[in-house]
Amino acid sequence: MTDRYAVFGHPIAHSKSPQIHAAFARQTGQDMTYEAILAPLDGFADSVTAFIAAGGCGANVTVPFKEEAFRLSSRLSPRAKHAGAVNTLMFDDGILGDNTDGAGLVGDLERNLHCPLAGRRILLLGAGGAARGVIEPLLDQSPAELVIANRTVGRAQELAELFCRGVRACGFDALDTPFDLVINATAASLAGELPPLSPSIFTAETLAYDMMYGRDTPFLSFARTHGAATADGLGMLVEQAAEAFALWRGVRPDTAPVIAALRT
Ligand code: ATR
């Protein structure tokens, strides 16, 4: 029987994951299917259970179920524990929960965008689930500094205390020096909004990265106006998928042609 995989979310119709995993499967010659499943907002666990009963081997999890997937997992990878959220499930005698989002971001920055992180000054905007998921993988690259800035300063402080390791927390108004890398992990872009940032955080050496993809965001356009190079989150999406695929299938697909195909 062909191995079955899926992505669970709500909404899910817009998801590019089926297209990405189909491309990976073709490229690596894997016999598998990958579908998008709309789970009811109050029925995530039931949907996953039904999928396992129908022969599902693994799944991705997207908004708004990543924290629920964390609680549903019978075992957790260390990176899922740090993230407090799960985006990848593998079904064996239980449910293994993993989180490949942070590795996806680091992989996109280092491999695709040639932006090394060691010794760099990194600014992370936001203190929700998206920000939390990438902190440990960023710290593992030994940046010179990691600052978390958030509209609600208390949430940034809570995150900084959770990770220790010299992470600094502040509000947007305390930012007035340049960074090598500014990552937007706030939900502001979804609403077409711009966090209130000082232009002085950007120089011609700065890379401004928005985790959102699919359209130019006010954050990227503001950063570009102030001289920074910019990148959206499409590469991160494909890289996190490749990490999940490698976990399930034991083979790592080549992401570059898949990213290029999605951009056209
Ligand atoms: P996610 O899981 O996507 O991170 P979340 O946990 O709701 O979602 O977090 C959303 C993040 O975006 C928060 O950091 C939020 O700031 P607050 O903690 O102050 O709410 C941030 N955010 C949302 N809209 C924003 C806006 N218009 N400007 C700046 N930050 C915004």
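Which pocket does the ligand sit in? The ligand sits in the second largest pocket. A pocket is an open set of points, on a 1 Å grid over the protein atoms alone, where a 1.4 Å probe fits and protein lies on both sides within 12 Å along at least five of seven lines. A molecule sits in a pocket if more than half of its atoms lie within 2 Å of the grid points of that pocket.

Before you select anything, note that this is a predicted model, in which local features need pLDDT of at least 70, side-chain atom pairs count only at pLDDT 80 or more, and totals for chains, interfaces and linings use all residues. Residues are numbered from 1 along each chain as its sequence is written, and side-chain values use heavy atoms, with hydrogens and water left out.

**Stop 1: the ligand**

Next, show atom pairs. Ala130 has a backbone N or O atom 3.0 Å from an oxygen atom of the ligand. Arg151 places a polar side-chain atom 2.9 Å from a ligand oxygen atom. For Glu193, a polar side-chain atom is 2.5 Å from a nitrogen atom of the ligand. Of the 640 Å² of accessible area that the ligand has on its own, the protein covers 73%; such areas come from the Shrake-Rupley method with a 1.4 Å probe.

**Stop 2: helix α7**

Select residues 153-163, which form helix α7. Helices are DSSP runs (H or I, at least four residues), strands are runs of E (at least two), and both are numbered from the N terminus. Phe163 and Arg132 are 31 residues apart in sequence, and their C-alpha atoms are 9.4 Å apart.

Val153 is also found in helix α7, and is partly exposed at 31%. Its C-alpha atom is separated by 9.6 Å from that of Gly126, 27 residues away along the chain.

**Stop 3: Asp101**

Move to helix α5, residues 101-112, which contains Asp101. Asp101 is buried, with 12% relative accessibility. Its side chain makes a polar contact with the side chain of Asn87 at 3.0 Å. A polar contact is a pair of N or O atoms within 3.5 Å; within protein, one must be able to donate a hydrogen and the other to accept it, and residues adjacent in sequence count only if both atoms are side-chain atoms.

**Stop 4: the loops**

Most residues other than glycine have a negative phi, and most peptide bonds are trans. The peptide bond from His10 to Pro11 is cis, with omega near 5 degrees; Pro11 is in the loop between β1 (3-9) and α1 (17-28). The bond from Val63 to Pro64 is cis, with omega near 5 degrees, and Pro64 lies between β3 (56-61) and α3 (66-72).

Finally, select His114, whose phi is positive, near 50 degrees. His114 is in the loop between α5 and β7 (121-125) and is exposed at 64%.

Note on methods
1 Å grid on protein atoms, 1.4 Å probe; cavity = no way out; pocket = protein on both sides within 12 Å on 5 of 7 lines; lining within 4 Å. Buried < 20%, exposed > 50% of the residue type's maximum accessible area, 1.4 Å probe, protein only.
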